[in-house]
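Please read this briefing alongside the sequence and the coordinates. It is arranged by topic.

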Amino acid sequence: MKQEPQPTITPERGREASAWIAPAALAVRGDDKAFARLVEIFQEEIHRMVYFRTGSAMDAEDITQEVFLKAFRHIGRLKDPRHLRGWLYRIALNSVRDHHRRRRVRMLFEKSARRRREEAPVGQGAPAAGVEQILLRREFWDRIRGLMDRLSRLEKEVFMLRFFDELKIREISIVLKRSESTVKTHLHRAIKKLAGEHELFERTEGS
Amino acid sequence: MTKKGSYHLNQDDLVTAVVDEEDLAEEVRGHLATCSACRKRKEILEGTLTSLGHTARAYVPALTKTVRIPVGAGRRARSFLFPLRPAVATALGGLAVAVFGWWLLGTGPFPGTGPDHGTPGIWEDALTEEVAWPAEDPLPAVYRDMADILTEERSSGFMDFVAPLPEEGQGISEQGGGIRSC
Ligand SMILES: [Zn+2]
């Protein structure tokens, strides 16, 4: 008997499209309350997505504000409300890219950018964390950085959108404007690279 | 797996199973459905990747200020051509430009305009994109290019920032004008 394929990713919270398609459709038609509802639904995950790509709690909050402001201004142009989530991520990804561009330019003119520890946000927005927690967090991000360094830009982005941001393949294809098969190809490569050089396959082989 | 029912999934198949099980060859999928060892391997790989994401999300500081849209934030009006399919809208737009050109100059259409080229600023932002998003890069093009070059010089592009870097500059975040002044 064929087993039902298990979902690759289990969505957290109310991420099912049924929770936001109706407000998205209303917001597209100019309903501000519906847009406010969308903000409630998506602000945390967009903030998280931006944080993954900036590593700064403060910047992530500013960029998240910026993302929703842009979305508010332009949502009337969203043709298909079902694409809202991918559309938001796309705005966020562009905002992150712009942020890094600006940051690069500023660094051109600032001879000594002040050094900052990743934990700088502690006390400025991040929950108070003990030293052990900070070390764990740093160790984790160091590990992630090491893993991501093995991937091409597109592989990284696809991998992160899939496993960190929990987007579906279809949504990733909207965000990146690539076909689903291209997304799958890059995801496949990314997982294989990571697993090939990592203990992932060792663990799976050993079982 | 090369023979029906004979071999366990190889690494490629295993990864394909994690990406999208539907993409496996039918016989491989059949094997996976019945072989507890292969299913276990798939679940371990999938679980490892999923837990990586879980941990990453757990290490994100909470959002301290909820998003607020200022009262004065204006929506961009939807173009009256918006509901049309992009090709039709572009064609109609091109026709309008041509007619306007004839009317204005009493000559033929402007060189280089028409449905295929469109008029930047009119067609690009609203009519030709399935998923339109605002391209509001505040940098002059020359700086943008410079930033891109610098980014490319780094080993792995802007996604380097996937993980917080200790050397990151401080206070570089953009302050969106009036975003907080609700
Ligand atoms: Zn097997």
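Predicted model: local features only at pLDDT ≥ 70, side-chain atom pairs only at ≥ 80, totals over all residues.

Residues are numbered from 1 along each chain as its sequence is written, chains are lettered from A and ligands numbered from 1 in the order in which they are written, and side-chain values use heavy atoms, with hydrogens and water left out.

**Zinc site**

- The zinc ion has as its protein donors B:His8 (ND1), B:His31 (NE2), B:Cys35 (SG) and B:Cys38 (SG), at 2.0 to 2.3 Å; donors are N, O and S atoms within 2.8 Å of the metal (3.2 Å for Na, K and Ca), and because water is not among the atoms, sites may look incomplete.
- The arrangement is tetrahedral because the four donor atoms subtend angles of 104 to 116° around the zinc ion; for four donors, the term requires all angles to lie between 85 and 135 degrees.
- Along the chain, the spacing of the zinc donors is H-x22-H-x3-C-x2-C.
- B:His31 counts as buried because its relative accessibility is 10%; buried means under 20% relative accessible area, exposed over 50%, and partly exposed in between (1.4 Å probe, protein chains only).
- B:Cys35 is also buried, its relative accessible area being 12%.

**Chain A overall**

- Chain A has nine helices and zero strands; helices (H or I, at least four residues) and strands (E, at least two) are DSSP runs, numbered from the N terminus.
- Of the 207 residues in chain A, 59% are buried.
- Among contacts in chain A with a separation of 6 or more, 62% join residues 24 or more positions apart; contact means heavy atoms within 4.5 Å.

**Helix α7 of chain A**

- Helix α7 (residues 169-176) of chain A is mostly covered, with seven of its eight residues buried.
- The buried residues of α7(A) include A:Ile169, A:Glu171 and A:Leu176.

**A:Gln65 and chain B**

- A:Gln65 is part of helix α3 (residues 57-74) of chain A.
- A:Gln65 counts as buried because its relative accessibility is 4%.
- A polar atom of the A:Gln65 side chain lies 3.3 Å from the backbone nitrogen of B:Arg68.

Conventions. Tetrahedral: all angles 85-135°; square planar, octahedral: opposite > 155°, others 65-115°. Polar contact = N/O pair within 3.5 Å; in protein donor to acceptor, adjacent residues only side chain to side chain.
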